[in-house]
Amino acid sequence: MAKDVNGEKFADIMNKLPDNATISSLAELFKMFGDPTRAKILSILQVRAMYVGELAEAMGMTNSAISHQLRVLRSAKLVKGTKEGKEVRYTLDDDHVTKILEYGITHVTEK
């Protein structure tokens with residue numbers, strides 16, 4: 001027999017949760033924001049699209065280090081690159097990423 005939690009059956013509560021695969025994917029997504037370098041890259045790209053060299057200069061890092069972080073962010077579908085001639089211009093993948101950043105900043109700066 002399922003226990004009650006403030007009048008609601010425990011099984012009913014558990015049925016309202018996302019499945020385990022979705023929870024795991026969510027945890028992986030938030031890991032991307034857990035690295036200060038990646039969080040700063042995302043914040044910069046929220047202001048405007050940039051090339052690897054521009055990001056490297058802004059971050060005080062090598063092009064190689066930035067490229068590595070961008071690969072990680074691309075694999076998490078947080079950034080996307082558009083080929084422009086010999087270079088790739090990076091932007092946030094979609095408006096959801098902007099909202100996650102905005103909500104996160106709001107949360108950590110509230111008093």
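T98 counts as buried, at 17% relative accessibility, where buried means under 20% relative accessible area, exposed over 50% and partly exposed in between (1.4 Å probe, protein chains only). This residue is found in helix α6; helices (H or I, at least four residues) and strands (E, at least two) are DSSP runs, numbered from the N terminus. Apart from neighbours within four places in sequence, T98 is in contact with Q46 and L92, contact meaning heavy atoms within 4.5 Å.

The model is predicted, so local features need pLDDT of at least 70 and side-chain atom pairs count only at pLDDT 80 or more, whereas totals for chains, interfaces and linings use all residues. Residues are numbered from 1 along each chain as its sequence is written, and side-chain values use heavy atoms, with hydrogens and water left out.

**Nonpolar core**

In soluble globular proteins, nonpolar side chains tend to be buried together. A nonpolar core is here a set of buried Ala, Val, Leu, Ile, Met, Phe, Trp, Tyr and Cys residues joined through side-chain atoms within 4.5 Å. The largest such core has 21 residues, and those with the most contacts inside it are I41, L42, L45, L55, I66, L70 and V79. At least two residues of this core come from each of α2 (20-33), α3 (36-47), α4 (52-59), α5 (63-75), β5 (87-92) and α6 (95-109). Beyond neighbours within four places in sequence, the contacts of V79 include L42, L45, L70 and L73, as well as Y90, T91 and L92. R74 and D93 are also in contact with V79.

**Packing of α4 and α5**

Two packed helices are described by the angle between their axes and the distance between the axes. The axes of α4 and α5 come within 9 Å and cross at roughly 110°. That makes α4 roughly perpendicular to α5. Axes are lines fitted to C-alpha atoms, for helices over the stretch in contact, with angles from 0 to 180 degrees between N-to-C directions. Angles under 35 degrees count as roughly parallel, over 145 as roughly antiparallel, 65 to 115 as roughly perpendicular and the rest as oblique.

On the α4 side, V52, G53, L55, A56 and M59 take part, meeting N63, I66, S67 and L70 of α5. The residues of this contact divide into 6 nonpolar, 3 polar and no charged. In this division, Ala, Val, Leu, Ile, Met, Phe, Trp, Tyr, Cys and Pro count as nonpolar, Asp, Glu, Lys and Arg as charged, and the others, Gly among them, as polar.

**Salt bridges**

A salt bridge is a side-chain nitrogen of Lys or Arg within 4 Å of a carboxyl oxygen of Asp or Glu. By this rule the count comes to 4 salt bridges; the table includes some of them.

| Pair | N to O distance |
|---|---|
| E54 and R48 | 3.3 Å |
| E84 and R89 | 4.0 Å |
| K99 and D95 | 3.5 Å |

E54 is partly exposed at 29% relative accessible area, and R48 is partly exposed at 39%. E84 is likewise partly exposed, at 35%, as is R89, at 29%. K99 and D95 lie 4 residues apart in helix α6, so about one helical turn separates them. K99 is partly exposed at 38%, and D95 at 46%.

**Backbone at K77**

Most residues other than glycine have a negative phi. K77 has a positive phi of about 60° although it is not a glycine. This residue lies in the loop between α5 and β4 (79-84) and is exposed, with a relative accessible area of 62%.
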